[in-house]
Amino acid sequence: MDADAASAAAFQELAAIQLTRALASEGVIAMVLKGAPTALRLYTTLTLRQTSVDLDLLVASRYLDRASGLVERLGWEPSHEPLFSNGLPDYHHTHLSQGLAPTVEVHWRVQWYDERSHTESLLANAVTIDGLKVPAALDILGIALLGYARDGFHRLRIAADIAAWWETFGQLHGRDVEAMLSSGPLARPLTIAAQAAAHVVGTPQPQLRAVDRLAKLAEGVALADEPCSARVFHAQRALIDVAVCPAHLRGARFKSMWFRHPAILRSHHPQFPEAGIPVLRGVSAARTLGLAAPLAVRGVRSRHRSLA
């Protein structure tokens, strides 16, 4: 472990212990989603993976405001994430640090497709290691697959985590993966993410294949992934989001990612008059479409080449 990785891990661990204990004293159970504890379980050393600069905590949605307020009282900056009609941010509050402590993200979910049951399952399945609640082994894979889809199958870091999971836990829990992929509101994004990872890093193909055109497009985009700008990254995320989204949520996700939700646009453009928000949404959709179209074409070609 080099000095930088050791230092980052130490600050993360101290912050995690401080915050989870303080939350527990107020009746809030918090789980450390990823970071150094997960990296050590997957790789046994921090030198094989870039150490995250954030501390990601997961709490039940009903405790999000209480947890976020406690993080502020302990010295972190207030969150400025836009809130939606349910009074919650998209999926976490972000609290920046003024010192050496890590940025803290307090999540109420880790994906966009399920508002309660997945988080409750993660918290119920959590195991305690070195005094911290962390995801169960199978849930580490699920979180990685959902994160891979949420990030538009961009970059290899999460794909490498998925490969490391199979190397570390595959013999013990490989048979449980099929059950995780086969049912529930997250079966589609989990299955397509598993397919994409199989193409990119050679992990086992899921037995339950989603064979529709959008699933095939998502696989192709993963295969064709390459470095890109922030705007192209958003377009790729928007494209994958529609491709992997459960069918009944596709319309809502399309509006949110392609047209951008008004709450997000207001936070990004506070100087813009309220009457102009619909115009901004139209511009956002046009820009995303213009950037996503060549990504889709490249993805289709890439998949055809992989099957040739």
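Two strands count as paired if DSSP finds at least two bridges between them, and strands (E, at least two residues) and helices (H or I, at least four) are DSSP runs numbered from the N terminus. The model is predicted, so local features need pLDDT of at least 70 and side-chain atom pairs count only at pLDDT 80 or more, while totals for chains, interfaces and linings use all residues. Residues are numbered from 1 along each chain as its sequence is written, and side-chain values use heavy atoms, with hydrogens and water left out.

**Exercise 1.** Work out the order of the strands in the sheet, and find which strands stand at its edges.

*Solution.* Begin with the order, which is 1-2-4-3 in an open sheet of 4 strands with mixed pairing. Next, strand 1 (31-32) and strand 3 (92-95) each have a single partner strand, so one side of each lacks a neighbour in the sheet. Finally, strand 1 runs antiparallel to strand 2 (residues 54-58), to which 2 bridges join it, and valine 32 has leucine 57 of strand 2 as its bridge partner.

**Exercise 2.** Describe how helix 5 and helix 7 pack, and which residues make the contact.

*Solution.* First, the axes of helix 5 (residues 137-150) and helix 7 (residues 187-201) lie 9 Å apart at an angle of about 85°; the helices are therefore roughly perpendicular, a term that covers 65 to 115 degrees. Then list the contact (heavy atoms within 4.5 Å): among its residues are Gly142, Leu145 and Tyr148 of helix 5, and Leu190, Ala193 and Val200 of helix 7. By class, this contact has 11 nonpolar, 1 polar and no charged residues.

Key
Axes fitted to C-alpha atoms, helices over the stretch in contact; angles between N-to-C directions. Parallel < 35°, antiparallel > 145°, perpendicular 65-115°, else oblique. Nonpolar A, V, L, I, M, F, W, Y, C, P; charged D, E, K, R; others polar.
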